[in-house]
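Here is a short report for a first look at this protein. Keep the sequence and the 3D view open while you read.

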Amino acid sequence: MGIVLIAEDEDKAFEEMFVETLEEVGFKVIRAKSLGEAISLFDENKENLRGVVVDGCLNNHGTLDGGELIEYIRAQGWDGIIIPASQSDDNNVRMVQLGATKKPHASGFRAEKESAITMLRREMRRAKIFA
C-alpha cells in the first residue's frame with residue numbers, strides 16, 4: 001500500500017492511534033522524532049510515501065516546527081497528503097498555509113487529534129489509496 005511518515009515527538013497515544021489505524025489497512029509507518037530525522041526519512045522514502053502526519057513542534061522546545069518540514073517537502077515537488085496534527089490552532093493554520101491539507105473543525109485537543117485520523121482516511125480514500 002505504501003508508506004506514511006509520522007513526524008511527532010511527544011504525544012505517544014496519538015501516534016499509536018495513527019500507527020494502529022494505518023497498519024490495519026496495510027500501510028508501513030515510519031516515525032521521526034526531529035526535523036532532521038523527518039527530512040532524512042522523507043528523502044529516503046518519498047517514492048513510496050502516501051502521506052505525512054506532522055506535529056506543529058518537532059523538538060519539545062518550540063524552536064523547530066512542522067512548518068519547516070512542510071516547506072521542505074513542498075520544495076521537493078512532492079504533492080501528497082500532509083496532515084497537520086498540532087495541539088495549537090495557530091500551528092495548524094500556519095501549516096495549512098504552507099501546504100498541508102486543511103483540517104476539519106473540531107473542538108478540544110483529543111477531538112483535534114481524532115479528526116486528523118478521520119481526515120487522513122478521507123483524503124486517502126479520495127486519492128484512491130484505500131477504499
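## Overall layout

Along the sequence, the protein reads β-α-β-α-β-α-β-α-α. Its secondary structure comes to 5 helices and 4 strands. Helices (H or I, at least four residues) and strands (E, at least two) are DSSP runs, numbered from the N terminus. This is a predicted model, in which local features need pLDDT of at least 70, side-chain atom pairs count only at pLDDT 80 or more, and totals for chains, interfaces and linings use all residues. Residues are numbered from 1 along each chain as its sequence is written, and side-chain values use heavy atoms, with hydrogens and water left out.

The protein has 131 residues, and buried ones make up 50% of them. Buried means under 20% relative accessible area, exposed means over 50%, and partly exposed lies in between (1.4 Å probe, protein chains only). Contact means heavy atoms within 4.5 Å. Take the contacts with a separation of 6 or more: residues 24 or more positions apart account for 65% of them.

## Helix H2 against helix H3

Start with H2 (residues 35-45) and H3 (residues 66-75). Their axes come within 10 Å and cross at roughly 25 degrees. That angle makes H2 roughly parallel to H3. The axes are lines fitted to C-alpha atoms, for helices over the stretch in contact, and angles run from 0 to 180 degrees between N-to-C directions. Angles under 35 degrees count as roughly parallel, over 145 as roughly antiparallel, 65 to 115 as roughly perpendicular, and the rest as oblique. The crossing of H2 past H3 is right-handed. A crossing gets that name if the near helix is turned clockwise from the far one by less than a right angle, and is left-handed if anticlockwise.

Which residues meet? H2 brings Leu35, Ala38, Ile39, Phe42 and Asp43, while H3 brings Glu68, Leu69, Tyr72 and Ile73. By class, this contact of H2 with H3 has 7 nonpolar, no polar and 2 charged residues. Ala, Val, Leu, Ile, Met, Phe, Trp, Tyr, Cys and Pro count as nonpolar; Asp, Glu, Lys and Arg count as charged; the others, Gly among them, count as polar.

In H2, the buried residues are Leu35, Ala38, Leu41, Phe42 and Asn45. They lie on the same side of H2, because they cover an arc of only 130 degrees around the axis. The arc is that of the directions from the helix axis to the C-beta atoms. Their cover includes E1, E2, E3 and H3.

H3 has its own buried set: Gly66, Gly67, Leu69, Ile70 and Ile73. Their arc around the axis is only 155 degrees, so they sit on the same side of H3. Strand E1 (3-7), H2, strand E3 (49-54), strand E4 (81-84) and helix H4 (89-97) are included in what covers them. After H3 comes Gly77, with a positive phi near 85 degrees.

Val52 belongs to strand E3. Is Val52 buried or exposed? Val52 is buried, with a relative accessible area of 0%. Leaving out residues up to four places away in sequence, Val52 touches Leu5, Ile73, Trp78, Ile81, Ile82 and Ile83. Val52 and Phe42 are 10 residues apart in sequence, and their C-alpha atoms are 8.8 Å apart.

Glu15 is in helix H1 (residues 12-24). Glu15 counts as buried, at 1% relative accessibility. Leaving out residues up to four places away in sequence, Glu15 touches Ile6, Glu8, Arg31 and Lys33. Glu15 and Arg31 are 16 residues apart along the chain, with 8.9 Å between their C-alpha atoms.

## Two loop residues

Gly26 is in the loop between H1 and strand E2 (28-32). Gly26 counts as partly exposed, at 42% relative accessibility. Gly26 and Ile3 are 23 residues apart in sequence and 9.2 Å apart, C-alpha to C-alpha.

Ser88 lies in the loop between E4 and H4. At 25% relative accessibility, Ser88 counts as partly exposed. Ser88 and Asp55 are 33 residues apart along the chain, and their C-alpha atoms are separated by 9.5 Å.
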